[in-house]
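User: I'm new to this structure and would like a close look at its nonpolar core. Could you walk me through that part?

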Amino acid sequence: MRMGNPSLRRWVSKSQRGEIGAEIEPATYKGVYGKAGLLGAITVISAIAVELIILWAVQSGRIAEALVTVGIATAVAGIPLIIMALVIAFVPSTAKVLGIIYSIFQGALLGCLSLFVDILTVPGISLAALLGTGIVFAVSVAVNRLLEVKISSRFMRGLMIAFFSILLVQLVMWALSLTGMFSYTAYLWVQIVASSLCIIWATVMLTWDLQNIDYLVQSGADKKYEWNVAFSLVTTLVYLYVEILELLLRLVALFGNSKK
């Protein structure tokens, strides 16, 4: 699970210390959101391409091979993502190139994941998660721009404590469910609560990211940092999508089992 957006917070801290003032041309909202749109489009196109390839394999009668490919691709794609994310975090100048490559791998991974859950659970559930992500993003932008709701660092610390506490409770409940002390359904309810809180966390982080983008632009940070904040915003949205998808899957598992 994603624990916030350290890359974006790092640039805000540097900007506050006056370390990333504009050297040539200042960052703009158009530049940030344009680059975020590009990375998001690459992610979506990559996901669709992978889904089409897998569907072609399924329609060709190679269902077993397709499922094996999905499993392998999902496992392997995560490794370069972690490496590239670390490189971008510690070497900001790589965000422009690695951000695009990261989006391709990220899209491939999401394509495998989305198609996998659509085939094995409820068709269209990944689309529902995508629509949910879009709604949350639109509401977050509205809250940030129209209502100008600001999130304090004290609130963020409190939310982080609650987040880690829920993770600990979920881990303990999972361990106890293995011993038979709790039923699977009871543990599933804990997972649903945990997923709901993770979505709240992701939503708050999204609003926090939008506020940080405002600060970077308004403080006159250099234009070269647009790639970094755009990359951070897109990864936050992807994290939100995964959490919403996870919640929907758990709801299907719970109410699906209750109808049997």
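**Inside the core**

Analyst: Let's start with the big picture, keeping in mind that this is a predicted model. The largest nonpolar core is made up of 43 residues, and the ones with the most contacts inside it are L39, L206, I213, L233, L240, I244 and L245. The largest share comes from α8, which puts in 15 residues.

Now zoom in on I244, one of the residues with the most contacts inside the core. Skipping its neighbours within four places in sequence, I244 is in contact with A129, G132, T133, V136 and I199.

While we're looking around α8, check out R250, which also sits in that helix. Is R250 buried or exposed? Buried: its relative accessibility is 12%, and the cut-off for buried is under 20%. The R250 side chain makes a polar contact with the side chain of E246, at 2.7 Å.

Leaving out residues up to four places away in sequence, L81 touches Y102, F105, Q106 and L109. Take the pair L81 and L109: they're 28 residues apart along the sequence, and their C-alpha atoms are 9.5 Å apart in space.

How values were computed
Residues are numbered from 1 along each chain as its sequence is written. This is a predicted model: local features need pLDDT of at least 70, side-chain atom pairs count only at pLDDT 80 or more; totals for chains, interfaces and linings use all residues. Side-chain values use heavy atoms; hydrogens and water are left out. Contact means heavy atoms within 4.5 Å. A nonpolar core is a set of buried Ala, Val, Leu, Ile, Met, Phe, Trp, Tyr and Cys residues joined through side-chain atoms within 4.5 Å. Buried means under 20% relative accessible area, exposed over 50%, partly exposed in between (1.4 Å probe, protein chains only). Helices (H or I, at least four residues) and strands (E, at least two) are DSSP runs, numbered from the N terminus. A polar contact is a pair of N or O atoms within 3.5 Å; within protein, one must be able to donate a hydrogen and the other to accept it, and residues adjacent in sequence count only if both atoms are side-chain atoms.
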